[in-house]
Number of protein chains: 6
Amino acid sequence: MKKIMTFGEILMRISPLGNKKLVQSNQLEYYFGGTEVNVAISLAQLGNDVKHVAAVPEDFVGEAAKSFLNQYGVDTSMLMTSTYPLGLYFLEVGAIMRSSTISYNRSHSAFAMMNSEIIDWDLAFDDCDWFHWTGITPALSKGASQGLKKALQIAKDKNISISADPAYRANLWQYGGNSKEILGELVGLSDTFIGGPNEINELLNTNFENDVNGFVVSCKHLISAFPSINRVFDKTRVSVNANWHKIKSRMWDGKELYETEELEMTHIVDRIGTGDAFAAGLIHGLLHYKDQKALQFANAACALKHTIEGDANLVTENEIELVVNGGLTGRIKR
Amino acid sequence: MKKIMTFGEILMRISPLGNKKLVQSNQLEYYFGGTEVNVAISLAQLGNDVKHVAAVPEDFVGEAAKSFLNQYGVDTSMLMTSTYPLGLYFLEVGAIMRSSTISYNRSHSAFAMMNSEIIDWDLAFDDCDWFHWTGITPALSKGASQGLKKALQIAKDKNISISADPAYRANLWQYGGNSKEILGELVGLSDTFIGGPNEINELLNTNFENDVNGFVVSCKHLISAFPSINRVFDKTRVSVNANWHKIKSRMWDGKELYETEELEMTHIVDRIGTGDAFAAGLIHGLLHYKDQKALQFANAACALKHTIEGDANLVTENEIELVVNGGLTGRIKR
Amino acid sequence: MKKIMTFGEILMRISPLGNKKLVQSNQLEYYFGGTEVNVAISLAQLGNDVKHVAAVPEDFVGEAAKSFLNQYGVDTSMLMTSTYPLGLYFLEVGAIMRSSTISYNRSHSAFAMMNSEIIDWDLAFDDCDWFHWTGITPALSKGASQGLKKALQIAKDKNISISADPAYRANLWQYGGNSKEILGELVGLSDTFIGGPNEINELLNTNFENDVNGFVVSCKHLISAFPSINRVFDKTRVSVNANWHKIKSRMWDGKELYETEELEMTHIVDRIGTGDAFAAGLIHGLLHYKDQKALQFANAACALKHTIEGDANLVTENEIELVVNGGLTGRIKR
Amino acid sequence: MKKIMTFGEILMRISPLGNKKLVQSNQLEYYFGGTEVNVAISLAQLGNDVKHVAAVPEDFVGEAAKSFLNQYGVDTSMLMTSTYPLGLYFLEVGAIMRSSTISYNRSHSAFAMMNSEIIDWDLAFDDCDWFHWTGITPALSKGASQGLKKALQIAKDKNISISADPAYRANLWQYGGNSKEILGELVGLSDTFIGGPNEINELLNTNFENDVNGFVVSCKHLISAFPSINRVFDKTRVSVNANWHKIKSRMWDGKELYETEELEMTHIVDRIGTGDAFAAGLIHGLLHYKDQKALQFANAACALKHTIEGDANLVTENEIELVVNGGLTGRIKR
Amino acid sequence: MKKIMTFGEILMRISPLGNKKLVQSNQLEYYFGGTEVNVAISLAQLGNDVKHVAAVPEDFVGEAAKSFLNQYGVDTSMLMTSTYPLGLYFLEVGAIMRSSTISYNRSHSAFAMMNSEIIDWDLAFDDCDWFHWTGITPALSKGASQGLKKALQIAKDKNISISADPAYRANLWQYGGNSKEILGELVGLSDTFIGGPNEINELLNTNFENDVNGFVVSCKHLISAFPSINRVFDKTRVSVNANWHKIKSRMWDGKELYETEELEMTHIVDRIGTGDAFAAGLIHGLLHYKDQKALQFANAACALKHTIEGDANLVTENEIELVVNGGLTGRIKR
Amino acid sequence: MKKIMTFGEILMRISPLGNKKLVQSNQLEYYFGGTEVNVAISLAQLGNDVKHVAAVPEDFVGEAAKSFLNQYGVDTSMLMTSTYPLGLYFLEVGAIMRSSTISYNRSHSAFAMMNSEIIDWDLAFDDCDWFHWTGITPALSKGASQGLKKALQIAKDKNISISADPAYRANLWQYGGNSKEILGELVGLSDTFIGGPNEINELLNTNFENDVNGFVVSCKHLISAFPSINRVFDKTRVSVNANWHKIKSRMWDGKELYETEELEMTHIVDRIGTGDAFAAGLIHGLLHYKDQKALQFANAACALKHTIEGDANLVTENEIELVVNGGLTGRIKR
């Protein structure tokens, strides 16, 4: 079993049922998630040994968050407790041409306000094979950003594989950090890059097209700017509307371009966390298969997440394999 | 803020969950609606000052109906109370080729049995910019029909804009009124006509095709029969099946024909009230934009209603504008 | 198996969940009931062969009502269909000192508007052992009242046992019938009377106290006024509050007074239909046991109904027997 | 009214809501079903007189199963009781390319463990027009298999029409019975065969293609092997994914091939029991119409079942007729 | 109609269903509340004209909060919008000897972070008869505290009646304000004091017993310390356990002591907001009745709130009157 | 942290909501439990290191059961998988004098059918401080019984403390084992006995009264028959009805009798698993406190379980301590 460590905010997602607006009903349902948590849970469901580091409040909400991670097999022995509340968001689920909308309540959360200096990173990285980070964490607070940098430096020292998903979200980054500079520093400590022209343009102030050529060229620029990066994986999405997407993934390994088949999700169940499902599928794939198979595995994992309610991908390795091997009809298994 | 007045039955819609049949489960959910109510709520959600006139029972059901309108910003200060019950309908929601079915309980409702003579129309129309009526109201009872006629005459006298949605429903009109004669009289007091060849044929005993040419010709006939009418707006619908529709709208302003793009609703959430959403979008559009933009706005409002649960359209002006401007992918707004 | 016939309105009960007010949530749950229906269902659950005669709408609401009776074993072969809707009521469930409140919608229902003349009473009473009626039916409409009178006359002719539960509800009787006169006529055709001083005072314009002495004296007056009555059964209730009641029953058989133990319901689940449960328990008891045992059985059946959700009593003969025999601790049965 | 008898296991289906996995929520919903039960219920809903023979536990679960069949109009007077539990299955509902998965708990159920020798087949077949069986029953236990054979022999003797749906499910047949031999014997007692090349290949150890030619040739082989068979009906399904199927049916009557139009289910509500809906539609069709109409009726019934929650098809004859006549748009019926 | 103004945080209450712990189910239900909001809603339900001043986020959560107040008849025209999230709390509902527990997320809420200087108090107090405040508001932030003080000074200048409910909650007051000093200043601007020995001890650093004598003596001390106070109203509670409370209220009007009967709530539905229900009942009573009747009205309103789900008291004046007049049996109202 | 091992069937509990009967609604909710599982979960919630040994099916039902234990902190690393289904039971929840009823489906479950010989008991007992068993396990099957005996022998050899809860359930023991003999053998390997006169009479064929004297005398007999037993703990229950119980516990330590106060549960939320809560509280108490405090702790834990939904006690050590210290009013904790 491979050991993986993740670090990032545990978020509670609260939403009215179905496509209702919050004002329409006093019934809600909730899931715990958060981008790195989603990756952690998916990797645990795929049979890996995953530890998640974060902070939760010292009350029944924090306990419920911790229990949720335990339920899905994630090691929570290094969760810290806090007097600040859990970050959360409300989600109204759209349909067709109506967008889903999110209302965040995370700016003074247990994770954002945590003192990352007290984390025992050596213990966290004990025996670890892989560390995954995303651009959300450094966007939340100075403490989170510095904690992540420290983690990356130690992981680098320990020769742990590092995947970066440096998505930039403009509406975060409220605390005053310089996003380009900070993300650049963090990418410079990583070896697997998850992203494409959009993310690379954001990092390098470039302007590559988001097509296959743009992908290859931007990857070359990225690797020349950040030589530690040796592989780039990118998922591309075509949205017919909120219920109907198509995804297709590509990889640049420094020499060659690989592309997957396109998968079509005609009746999306839940769109949240599909990027995290890609990342988790990719990390699992890179730890257990060759790169090209890993890419296909990640693409299929991402597609399958569109059929799972909640933020984290709960499908099994067998289910993903079936899709990789072309099983797309969803026939009942008795 | 524009002031709008509506008059019509508040109906309670009660349905089993999802696509269940009533017999399958003892769980239900309810919404308040009714065609004119739906228009009122949608207009209030778009930021207008809307007053609705109707009658509700003097008990907790009536109170709940009134609170519902208040919740969505509609002025209920002129709701009357009654010893008759609220009109209601049960809805079983179909799918694909199975039709939704409705069972009405409204023939002796608070609205149908109301004494419309006691309504203070001057107060109701105080400062009013627009009055909207539909063919449902005169179909319910003699009292409702006479009240509506009185309202139209007063509105006309006050130079208030009047939109007519004179849809004819054969299974109403139980009280013995002559539908053609009555609807004609009412249309003759209106200036904006919402409908197309089907509705015009019904009114004029004509037989125009429901296509673009038929639309233009029928509009000309309509205007020549009812010279007060100066604009005709029509929404056309193509139904693949119960879950998948396409809509496209057209307008005749006495001189020219305008048509919108077709919008496709591939995963309909709720089909009820989409015509009312068109009317509300249109009235809002005509009050705030030029006619052609109003047509597009109405078409987009109608499309978006297919994504909203319940009878009334709860989308915002921004959401409609986004669709008018071609934003159809339903991307998550964080 | 004994054969029993009942005649009365099938009502749909719709209520918000728990103790919520209608305005607080758009979730509802429903049951079918109605006083005579409740008696019918309870008697069928106790193993009797029960036929119910009524009218339901010819749509999915009527179908659901019919299926509900079938589900609980009641013969619906003589249900008529109607173009009028099903009678229904909304119920907000109170607690402690807050009353439950009911909003009726039944004045123009399928049952109230039915033409009772077309009922084939000979078929309905075929092989019948017992007919039960209540004071609700003659209160609903002239047609219902006349139908019931006809039924009683035929039952009398056929020497079928007849139980009368002539409860008077002032807020019904809207159609102009003289309640005292009509109820008197109907009681005069019955042999088992369910009621006590309150009901007798209503019938005879007397003023007996509602205590044991008053019961005996009022029974004597009743029997002397209506010589066909040979037994009187009465349930008395002490209400601590909406959640906590005590019941105790008594019987006058023309010669002697019998009384049961008092049963205490400290945590009432559902108060509706407990009188009907008494009636059903009594009829079952009188058909299968001696009078005194029947009284105890009825009292226990009534007590147990307070633990059952919905309008009708769904307990088994064994469960009632257990209570009759003093088993009051509600111990888990594995 | 035609009289039909069915014999087979009543199964309880338990599933989390929507597309949730069992681990995600402690809310469940349940339906009763089972392949022959589904046929029975659908035939009763279509207005036929249907009796179902099976065994249920002698407790509230068995009572609920029996009440469910009564609710939908199936005669349960010949249900036996057992000390074994009701067979059941858990269902996680998939979407798009994720399969639905089923977890069975039926190997020691009331039906599988029943002593079929005590069934009074003469009573069961009293006045019967049609008997339907499927390949599930002989796969469950020796007792079930022998009971079915006995039933078929008696039905044959009584000249009752017999339809066979001899689907082979490899994961059943745990008790050691020789499936080919047993199914062959049972088919040899039947006259209407529901199945195509797949089922015929299984029976005859042949290898026909599952296309139109293969269908005709395999039918000829089938009839030559089992001369009692005079008609073969087959439904073919194309699965885009778990939410989107197309069906089309064909028939060989010994002389000619008939095919229906293809029906497309773009938004499947519930996939379970669609084969049973075909069988029920077919039996109803063969009892009331000519063969070719019966085929169309069965195809439309099957399509409509995809819109109904639960295992059994609850649509009406009118709804099926509408689809047979090309009404596919699912327009609201008011 | 009397006009009342309230100022205080709108809180969202989110809780698992029934007595579940958060970890046990992903279903939640929510209500909006907050101590001053609860008072506002209850006063509006009693027929008063109530305006509430607060801040909500400028998104769908804020819109839902505003709609909730509108639904229950509270004027929200002076709600401000904010970029901070709505304050909220999670509630796990206890039973018997298990306490309900609350987890707050309000320290950086829209209300706590609001700039109260921009509030147009003259507009807010236009035509106002009564202003009510509680000790929660000054505990939340410096801005809230200063806003409240400003409001009180203006209300005082305008001779508006002012009721103070200066409950002290130790776990609030995180921003560094001196609670005793601030509460004292605010009480010194008020005329009606809601509280008893506990609250007075907190304010005056005294140590009076919480019994009748202690109440009278403490009231005298209070009035001598804060001469603007002319009446003191106190509700006392005896808790058998979490489900079973008794309340009784007392008043000191500077000269005499009045006490109510004790009311017993044997089956509490919802304990939250019962103090606010007392305050609202009191204000309504003082505005419409004599003091002693007001006290009884407040006591009965408080008792009835224990039967209402959610934070705010939704009972009617009639329901309260019934309890004041001794109607405690909760008999069904048909 | 103390280490505890438990061995016993994981059962799924499925029940309709509230007090509904199964037939009344198709909505269900489920929990995992089982007597030893309940003890394991409660001990884990109290902060102990608990491992549970059992068998679950190798499918999503088994996965969900395992995840449930993980969620509540129980080590599932030694769960075996099986091709048999999970044992389960349906529960209809009674009220007042109506009993809850249970329908089991466990006779051929994964646990009952497991091959206990393959369990690595040395690994299971690694570092273990306490082993707890109940009389359910040896009642299920020969394999379960033999596995338990083996476990006890090894635990005895390792000087692990052993608690016995040898409740006898007559309706289990279907496989032919001699219950008295087997339970005696198992008790003879234990040191802490949980039970009183009822259980001792069952074991010793004696006839002691279930009162304090009977308790002491029976304890003496027990210890003389099974000298390994050194302490006896017994919980006594008085049931007013299904909603209202009182419990009080006693202990005999070979020399002295201790008794607790009586705790009264006036509004029971869930009665299931309260005995297991007593056992878990006791084991925790004996591992961390003196015997008399342990007895009080167990009694309070048992009382608190009556307020928790589901089978296992989810209260914290603090909540139990509060009750031990007399905190019975259930005051809200903010």
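**Helix crossing and sheet edges in a predicted model**

Me: In this predicted model, what is the handedness of the crossing of H9(F) and H10(F)?
Reply: The crossing of H9(F) and H10(F) is right-handed. The two elements are helix H9 (residues 274-288) and helix H10 (residues 291-305) of chain F, with axes that come within 7 Å.

Me: Why is H9(F) called roughly antiparallel to H10(F)?
Reply: The axes of H9(F) and H10(F) cross at roughly 150 degrees, and angles over 145 count as roughly antiparallel, so H9(F) is described as roughly antiparallel to H10(F).

Me: What makes up the contact of H9(F) with H10(F), by class?
Reply: The residues of this contact divide into 11 nonpolar, 4 polar and 3 charged. Among them are Phe278(F) and Leu282(F) of H9(F), and Phe297(F) and Lys305(F) of H10(F).

Me: Turning to the open sheet, why is one side of strand S8 of chain B and of strand S8 of chain C left without a neighbour?
Reply: The sheet has 8 strands in the order S8(B)-S7(B)-S2(B)-S3(B)-S3(C)-S2(C)-S7(C)-S8(C), with mixed pairing. Both S8 strands (101-105) stand at the edges and each has a single partner strand, so one side of each has no neighbour in the sheet. From one strand to the next, the twist averages 30 degrees.

Me: How do you know that S2 and S7 of chain C pair?
Reply: Pairing needs at least two bridges, and strand S2 (residues 11-16) and strand S7 (residues 88-92) of chain C have 3 bridges, so they count as paired, in the parallel sense. Met12(C) stands opposite Leu88(C) in S7(C).

Definitions and conventions:
Residues numbered from 1 in each chain as written. Chains lettered and ligands numbered in written order. Predicted model: local features only at pLDDT ≥ 70, side-chain atom pairs only at ≥ 80, totals over all residues. Helix = DSSP H or I, 4+ residues; strand = E, 2+ residues; numbered from the N terminus. Axes fitted to C-alpha atoms, helices over the stretch in contact; angles between N-to-C directions. Parallel < 35°, antiparallel > 145°, perpendicular 65-115°, else oblique. Left-handed = near helix turned anticlockwise from the far one by under 90°. Contact = placed C-beta atoms within 7 Å. Nonpolar A, V, L, I, M, F, W, Y, C, P; charged D, E, K, R; others polar.
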